[in-house]
Amino acid sequence: MPGSGSSPCAACKLLRRRCAKDCVFAPHFPPEEPQKFAYVHKIFGASNINKMLQELPFHQRGDAVSSIVYEAKARLRDPVYGCVGAISSLQQQVAQLQSQLAVAQAENLCMRMHQAAMASTIVANTEVSPLDSAESSDENQQYKHVTSGFEPFGIAEALLS
C-alpha cells in the first residue's frame with residue numbers, strides 16, 4: 001500500500017512523486033496498470049482528476065474513475081466527439097436495424113395475406129362444381145377477373161379453367 005514501502009501507485013509513479021498514505025489515486029490506479037492513469041492524465045490532467053475525486057464520496061470514486069478512464073480512451077480514439085461519437089454511431093445502427101425490421105415485418109404480413117387469399121381462392125374453387133349452370137360459369141369468370149391481381153403465379157386461373 002502507498003507509504004508502506006511498496007511501489008507507488010501508477011499516478012504517483014507517472015508524476016514522479018512520493019505516494020502518500022492518503023493518496024487519492026492509489027485505490028483506483030494500481031501500479032500494475034500504469035497505462036490507465038496515463039490515458040486519464042493525458043486528456044484531463046492529474047490536477048483536475050485529483051479535484052474531481054476529492055469532491056466525491058469515497059464509495060462513488062470507483063465508478064467515477066471507470067467513467068473517466070472510458071472517456072479518456074474514447075477521446076484518444078476520437079478527439080472531437082469522444083464517447084458521444086460511439087453512442088451516436090450505435091444509435092444510428094439501431095435506427096437502421098429497426099427500419100429493416102419494420103420492412104421485414106411488412107413483407108411477412110403481405111406474404112401471409114397473399115397466402116390467405118390463395119387459400120380462400122382454393123377453398124372457393126373447390127366449392128364450385130364444374131357441372132353447374134351457365135350462371136355459375138359467369139360467376140367463375142367474375143371471380144377470376146377479381147382475383148387475377150392476387151395470383152402472380154396463375155394458380156387461380158389454372159384452377160378455374
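Which residue's side chain meets that of Glu33 in a salt bridge? The partner is Lys36, at 3.6 Å from N to O, where a salt bridge is a side-chain nitrogen of Lys or Arg within 4 Å of a carboxyl oxygen of Asp or Glu. This is a predicted model, in which local features need pLDDT of at least 70 and side-chain atom pairs count only at pLDDT 80 or more, whereas totals for chains, interfaces and linings use all residues. Residues are numbered from 1 along each chain as its sequence is written, and side-chain values use heavy atoms, with hydrogens and water left out.

**Confidence and overall make-up**

- The average pLDDT of the chain (the predictor's confidence in each residue, from 0 to 100) is 82, and 75% of the residues score at least 70.
- Over residues 146-161 the pLDDT is below 50, and this stretch has 20 contacts in the model beyond near neighbours in sequence, a contact being heavy atoms within 4.5 Å.
- The chain has seven helices and zero strands, both taken as DSSP runs numbered from the N terminus (H or I and at least four residues for helices, E and at least two for strands).
- Of the 161 residues of the chain, 24% count as buried, with buried meaning under 20% relative accessible area, exposed over 50%, and partly exposed in between (1.4 Å probe, protein chains only).
- The accessible surface comes to about 11,500 Å², of which 57% belongs to carbon and sulfur atoms; such areas come from the Shrake-Rupley method with a 1.4 Å probe, and for residues only the protein chains shown count as cover.
- Among contacts between residues at least 6 apart in sequence, 45% join residues at least 24 apart.

- In soluble globular proteins, nonpolar side chains tend to be buried together.
- Leaving out residues up to four places away in sequence, Phe25 touches Cys9, Ala11, Arg17, Phe37, Ala46, Ile49, Asn50 and Leu53.

**The loop between H1 and H2**

- Val24 lies in the loop between H1 and H2 and is buried, with a relative accessible area of 9%.
- Apart from neighbours within four places in sequence, Val24 is in contact with Asn50, Leu53, Gln54 and Arg61.
- Although Val24 and Leu53 are 29 residues apart along the chain, their C-alpha atoms are separated by 7.1 Å.
- Arg16 is also found in the loop between H1 and H2, but Arg16 counts as exposed, at 79% relative accessibility.
- The phi of Arg16 is near 55°, a positive value in a residue other than glycine.
- For background, most residues other than glycine have a negative phi.

**Salt bridges**

- The structure holds two salt bridges, and side chains of opposite charge can pair when their charged atoms come close.
- In the pair formed by Glu33 and Lys36, Glu33 is partly exposed, with a relative accessible area of 37%, and Lys36 is likewise partly exposed, with 23%.
- The side chains of Glu71 and Arg75 meet in a salt bridge at 2.8 Å, N to O, and both residues lie in helix H4, four residues apart, which is about one turn of the helix.
- Glu71 counts as buried at 16% relative accessibility, whereas Arg75 counts as partly exposed at 27%.
- Not counting residues up to four places away in sequence, Glu71 touches Phe44, Gly82 and Cys83.

**Surface patch**

- Val80, Tyr81 and Val84 form a nonpolar patch on the surface, with about 330 Å² of accessible area together.
- Patches are made of residues with over 30% relative accessible area and no salt bridge, with like charges joined within 9 Å and nonpolar side chains (Val, Leu, Ile, Met, Phe, Trp, Tyr) within 5 Å.
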